[in-house]
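Please open the structure in your viewer and keep the selection panel at hand.

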Amino acid sequence: MVLVVVSSPKGGVGKTTLVANLAVALRRRGRQVTAVDFDSQNALRFLLAPEHEDDFGIARCTARGLPWTSAVVAGRGGVRVAPYGEATTPERLRMKDLLEEDALSEALSSLMRSDDEIIIADTTPGEGRIQQRLESLADLKLIVLLADAGSMALAPAYRDGLLLRPITENPTTFGVLNQVDPRRRLSRDISEFIATHAADRFIGIVHYDEALAEAAARGESIVEAAPQGLSAGDIEAIAGRLDRLTSREPVAS
Ligand SMILES: Nc1ncnc2c1ncn2[C@@H]1O[C@H](COP(=O)(O)OP(=O)(O)OP(=O)(O)O)[C@@H](O)[C@H]1O
Ligand SMILES: [Mg+2]
């Protein structure tokens with residue numbers, strides 16, 4: 001199993017959108033992919049399995065001692081989805097208590113169908129307990145930032161400045177700069193700054209693209225809905241790098 005954890009210092013930066021689209025793009029590259037939602041907003045299933053109406057998910061499974069495979073549903077493009085599902089407050093708290101490191105690791109492994117299956121995890125913003133445990137198990141961590149003043153103000157201090165330090169210091173954590181809009185000067189300046197000072201640390205950028213938000217609203221992935229569009233190319237490029245980084249047999253780049 002290869003665990004990829006997607007997180008962000010701020011909310012609303014595009015984590016769920018990226019998880020859903022990267023999952024489909026990785027599946028199209030032939031990888032087995034299960035996307036797991038650790039956010040009680042339960043939004044991932046609306047992007048990846050919009051027809052699925054049963055709100056049973058990993059929160060209720062965990063609280064009731066059931067395997068996470070009971071929560072898995074078939075999603076878009078052959079991706080499997082383990083939704084967070086509906087859960088009462090006691091169930092949510094019980095999930096947090098029960099998912100100490102070993103239990104979390106076992107639950108994730110139970111989803112695995114092959115050694116190189118990618119489990120891609122969507123999370124809540126910030127650094128909660130489950131988030132920290134997930135990251136300690138992760139093979140790769142993606143931190144999503146917006147190309148705006150708010151995200152850039154956070155970047156130098158976030159995780160002790162990790163995002164702006166040499167990749168050799170922590171080679172498994174990558175940034176993703178989302179909603180890059182070349183029509184806006186600040187957005188251009190931020191992308192140029194990242195390209196100059198932290199190119200290795202950032203696995204890619206994703207342009208601001210209304211088609212991406214519209215596809216998400218329809219429950220479609222951008223690589224299926226508008227494969228020639230700007231953001232589809234960005235998603236494909238990031239998926240390609242993720243595929244290479246997580247392949248058991250690395251492909252020469
Ligand atoms: N590159 C993009 N271009 C245009 N819109 C985008 C882009 N990325 C995300 N969005 C839109 O931004 C909004 C927030 O995205 P999303 O829900 O994926 O963020 P999030 O980080 O998961 O939020 P939360 O922290 O609440 O879980 C959505 O409406 C989404 O469609
Ligand atoms: Mg989200």
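**First stop: the largest pocket**

Begin by selecting helix H4, which supplies the largest share of the lining of the largest pocket, five residues. The model is a predicted one, in which local features need pLDDT of at least 70 and side-chain atom pairs count only at pLDDT 80 or more, while totals for chains, interfaces and linings use all residues. Residues are numbered from 1 along each chain as its sequence is written, chains are lettered from A and ligands numbered from 1 in the order in which they are written, and side-chain values use heavy atoms, with hydrogens and water left out.

On a 1 Å grid over the protein atoms alone, a cavity is a set of points where a 1.4 Å probe fits but cannot get out, whereas a pocket is an open set with protein on both sides within 12 Å along at least five of seven lines; lining residues have an atom within 4 Å of a point.

How much space lies in the largest pocket? The value is about 230 Å³, where a volume is the space filled by probe spheres set on the grid points, and points are joined across faces, edges and corners. Now select Phe-38, Tyr-84, Lys-96, Thr-124 and Ile-130, which lie nearest the centre of this pocket among its 15 lining residues. Helix H4 (89-98) and helix H6 (129-137) are the elements that give two or more residues to the lining. Colour the lining by class to find six nonpolar, six polar and three charged residues. Here Ala, Val, Leu, Ile, Met, Phe, Trp, Tyr, Cys and Pro count as nonpolar, Asp, Glu, Lys and Arg as charged, and the others, Gly among them, as polar.

**Second stop: the second largest pocket**

The second largest pocket holds about 190 Å³ of space. Select Thr-17, Gln-179, Asp-209, Leu-212 and Ala-213, the closest to its centre of the 14 residues that line it. Strand E7 (173-180) and helix H9 (210-217) each give two or more residues to this lining, and the largest share, five residues, comes from H9. By class, the lining has six nonpolar, six polar and two charged residues.

Remain with Gln-179, which is in strand E7. Its phi is positive, about 60 degrees, although Gln-179 is not a glycine. Is Gln-179 buried, partly exposed or exposed? Gln-179 is partly exposed, because its relative accessible area is 33%; buried means under 20%, exposed over 50%, and partly exposed in between (1.4 Å probe, protein chains only).

Compare Asp-160, in the loop between helix H7 (149-154) and E7. Asp-160 has a positive phi of about 55 degrees and is not a glycine. With a relative accessible area of 68%, Asp-160 is exposed.

Select residues 15-28. H1 is mostly covered, with 11 of its 14 residues buried. Among them are Leu-18, Leu-22 and Leu-26. After the helix comes Gly-30, whose phi is positive, near 95 degrees.

Select Leu-3 in strand E1 (residues 2-7). Leu-3 is buried, because its relative accessible area is 0%.

Next, select Leu-111, in the loop between helix H5 (101-109) and strand E5 (118-122). Leu-111 counts as buried at 1% relative accessibility. Its C-alpha atom is 8.9 Å from that of Ala-82, 29 residues away along the chain.

Ile-222 lies in helix H10 (residues 222-225) and counts as buried, at 0% relative accessibility.

**Last stop: a charge over a ring**

Finally, select Arg-45 and Phe-46. Arg-45 lies over the face of Phe-46, at 4.2 Å from the ring centre. A charge sits over a ring if NZ of Lys or CZ of Arg is within 6 Å of the ring centre and within 35 degrees of the ring normal.

Definitions and conventions. Helix = DSSP H or I, 4+ residues; strand = E, 2+ residues; numbered from the N terminus.
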